[in-house]
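Please open the model in a viewer and keep the selection tool at hand.

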Amino acid sequence: ARTIVHDPPVLIFDEPTTGLDILATAQISRFIQDSRARRRCVILSTHIMREAERLCDRLVILHRGRVRAEGTLAELREQTGKDDLEDVFLKVIGISPS
């Protein structure tokens, strides 16, 4: 809480909803969306693809410490021919989605 009280221009979240219940997760998501609406740069690291789809303008797919793909969700879908972000991720890292 002390890090955001001064309304910084950049916010970095590392797995912000891990282990939280549905209500707390919704509150964190609203805070991130509100921060974006206030023109704050929000960097979000998550393994929850639904969260990434809902909250991110641009995505970077990292695998084994390397950037494998980056772009908007639409660009990544177009590049891979996959609609679901989990399938996009698997295709980008070289695993055939089922």
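**The aromatic pair**

The structure contains 1 aromatic pair. Select Phe 13 and Phe 31: their ring centres are 6.3 Å apart and their planes stand at 75°, so the pair is edge-to-face (rings of Phe, Tyr and Trp, the last by its six-membered ring, pair if their centres lie within 6.5 Å; planes under 30 degrees apart count as stacked, over 60 as edge-to-face and the rest as tilted). The pair links distant parts of the chain, 18 residues apart, with Phe 13 in strand E1 (residues 10-14) and Phe 31 in helix H1 (residues 22-37). Helices (H or I, at least four residues) and strands (E, at least two) are DSSP runs, numbered from the N terminus.

This is a predicted model, in which local features need pLDDT of at least 70 and side-chain atom pairs count only at pLDDT 80 or more, while totals for chains, interfaces and linings use all residues. Residues are numbered from 1 along each chain as its sequence is written, and side-chain values use heavy atoms, with hydrogens and water left out.

Is Phe 13 buried or exposed? Its relative accessibility is 15%, so Phe 13 counts as buried, whereas Phe 31, at 28%, counts as partly exposed (buried means under 20% relative accessible area, exposed over 50%, partly exposed in between, with a 1.4 Å probe and protein chains only).

**Strand E2**

Next, select Ile 43 in strand E2 (residues 41-45). With 42% relative accessibility, Ile 43 counts as partly exposed.
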